[in-house]
Amino acid sequence: MNTFTQATSMDQVIQFINENPLAFVYISREDCGICHAVQPQVQSMLKEFPSIRPIQVNADTIPEVASQFTVFTVPSLLLFSERKEVIREARFVVMDELHKKFQQVTENFANR
C-alpha cells in the first residue's frame, strides 16, 4: 500500500526523490481545505500504482519547498521519474486526468 511518508526536512524530500525511481511529492498546507480533500483521493488512486512512492510535504513546516520546486499554490502534486519532473498538477486536480497521467508514466517506465 502506498501510504504517504511525512517529510520532516527539505533534505529528506530531495533524498526521497533521489532514491525512488518514481517519486510523488504532495505539497500541502495545514489550513488548505482542498489539500485535505484531494490527499485521500490521490492516496487511494496510488494503490493502483505500487511503483510510485509518495511523500507529503507541509509547506507550513518546510517553507523552502515552495522555492525549491517553484510552487505558488497548494495542493501541488509533482511526480518525478528518475529525478526529473514529469507531472505537475496544482490546486484543482481532475482525478481522471491525473489517473491517465500516472498510467502513462508507469507504463513508459516499465517498458524501458
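Where is Glu-82 found?

## Glu-82

In this predicted model, Glu-82 lies in the loop between β4 and β5, the latter spanning 84-90. Its phi is near 50 degrees, a positive value in a residue other than glycine.

## The loop between α3 and β4

The loop between α3 (64-68) and β4 (76-81) holds Pro-75. A cis peptide bond joins this proline to Val-74, with omega about -5 degrees.

Thr-70 is also found in the loop between α3 and β4. Thr-70 is not a glycine, yet its phi is positive, near 50 degrees. With a relative accessible area of 47%, Thr-70 is partly exposed.

## Helix α1

Which residues of helix α1 (residues 10-19) are buried? They are Met-10, Val-13, Phe-16 and Ile-17. These residues cover an arc of only 120 degrees around the axis, so they sit on the same side of α1. An α-helix has 3.6 residues a turn, so residues three or four places apart point the same way.

Asp-11 and Glu-19 are exposed on the other side of α1. The buried residues of α1 are covered by elements that include the strands β2 (22-28), β3 (53-58) and β4, together with helix α3.

Note on methods:
Residues numbered from 1 in each chain as written. Predicted model: local features only at pLDDT ≥ 70, side-chain atom pairs only at ≥ 80, totals over all residues. Heavy atoms only, no water. Helix = DSSP H or I, 4+ residues; strand = E, 2+ residues; numbered from the N terminus. Buried < 20%, exposed > 50% of the residue type's maximum accessible area, 1.4 Å probe, protein only. Arc of directions from axis to C-beta. Contact = heavy atoms within 4.5 Å.
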